[in-house]
Amino acid sequence: MALNQVHLVQTDKPQDRLWAIEQVLQSDSFGALFMWLPEEKTLCNPTVLRRLQYQATRSQGLSFVFRPIRAQMQPSPASLRLCLTAQSSNSLRVHLIKRRGPVLEQAILIDLPRPQGALPDTPHSQELVRALDRPELQTPPQPMRSQIAI
């Protein structure tokens, strides 16, 4: 994927962010949409989440909503909800909060590839690999510090 195909939308007001998200979902001209919704009542109330869920199901692209870890205890219309936790610098713990089908009590551990094998060989990827290989980034993070609930 070329970086010129990635667009970042930042807004000062929550209502403007919601408007931009809805416009993208309605345009149906995206491959994947990644949304970060902070704990803001304007963005995360049940009515707004249901409206976004409805629009996402009507679009052709993939839609992902990222919310703070505290949101895992709040209701959501999403059919799939995950809690992602960095276990170490090269593993990820995935707990399924909600899914279709039977409950899966045990978390899934995923080994992550090193950046050299995960990125295409371009000048930008080599720069990223050098940045990620800094010694201070090699220390594994403490479990449960880096979490996202979807």
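Reader: What is the volume of the second largest pocket?

Author: About 560 Å³. This is a predicted model, and that volume is computed from its atoms.

Reader: Which residues lie closest to the centre of the second largest pocket?

Author: Gln-53, Ser-63, Phe-64, Ala-78 and Leu-80, out of 21 residues that line the second largest pocket. The elements that give two or more residues to this lining are α3 (46–58), β2 (62–66) and β3 (81–88). α3 gives the most, with five residues.

Reader: What makes up the lining of the second largest pocket, by residue class?

Author: There are 13 nonpolar, six polar and two charged residues. Phe, Ala and Leu count as nonpolar, so Phe-64, Ala-78 and Leu-80, named among the closest to the centre, take the nonpolar label.

Reader: What volume does the largest pocket have?

Author: About 730 Å³. The largest pocket is lined by 21 residues, and His-7, Leu-8, Ala-32, Leu-33 and Phe-34 lie nearest its centre. α1 and β1 (32–36) are the elements that give two or more residues to this lining. By class, the lining divides into 13 nonpolar, seven polar and one charged.

Reader: Why is Leu-8 called exposed?

Author: The relative accessible area of Leu-8 is 71%. Exposed means over 50%, so Leu-8 takes that label.

Reader: Where in the chain is Leu-8?

Author: Leu-8 sits in the segment before α1 (14–27). Leu-8 is 26 residues from Phe-34 in sequence, and their C-alpha atoms are 9.5 Å apart in space. Both residues are among those nearest the centre of the largest pocket.

Reader: How do you know whether Gln-26 is buried or exposed?

Author: Set the value against the cut-off. Gln-26 has a relative accessible area of 51%. The exposed label needs over 50%, so Gln-26 is exposed. Gln-26 belongs to helix α1.

Reader: Why is Asp-28 called partly exposed?

Author: The relative accessible area of Asp-28 is 33%. Buried is under 20% and exposed is over 50%. The value for Asp-28 falls in between, so the label is partly exposed.

Reader: How many helices and strands does the protein have?

Author: Five helices and six strands. Along the sequence they follow the pattern α-β-α-α-β-β-β-β-α-α-β.

Reader: What share of the residues count as buried?

Author: 25% of the 150 residues. The accessible surface of the protein is about 10,800 Å², and carbon and sulfur atoms hold 56% of that. Among contacts with a separation of 6 or more, 52% join residues 24 or more positions apart.

Reader: What pLDDT does the protein average?

Author: The average is 78, and 74% of the residues score at least 70.

Reader: Where does pLDDT stay under 50?

Author: Over residues 136–150. The model has 44 contacts beyond four places in sequence for these residues. Where pLDDT is low, predicted coordinates should not be read in detail.

Conventions. Residues numbered from 1 in each chain as written. Predicted model: local features only at pLDDT ≥ 70, side-chain atom pairs only at ≥ 80, totals over all residues. Heavy atoms only, no water. Helix = DSSP H or I, 4+ residues; strand = E, 2+ residues; numbered from the N terminus. Buried < 20%, exposed > 50% of the residue type's maximum accessible area, 1.4 Å probe, protein only. Contact = heavy atoms within 4.5 Å. Areas by Shrake-Rupley, 256 points an atom, 1.4 Å probe, with all protein chains shown as cover. 1 Å grid on protein atoms, 1.4 Å probe; cavity = no way out; pocket = protein on both sides within 12 Å on 5 of 7 lines; lining within 4 Å. Points joined across faces, edges and corners; volume = space filled by probe spheres on them. pLDDT = per-residue confidence, 0-100.
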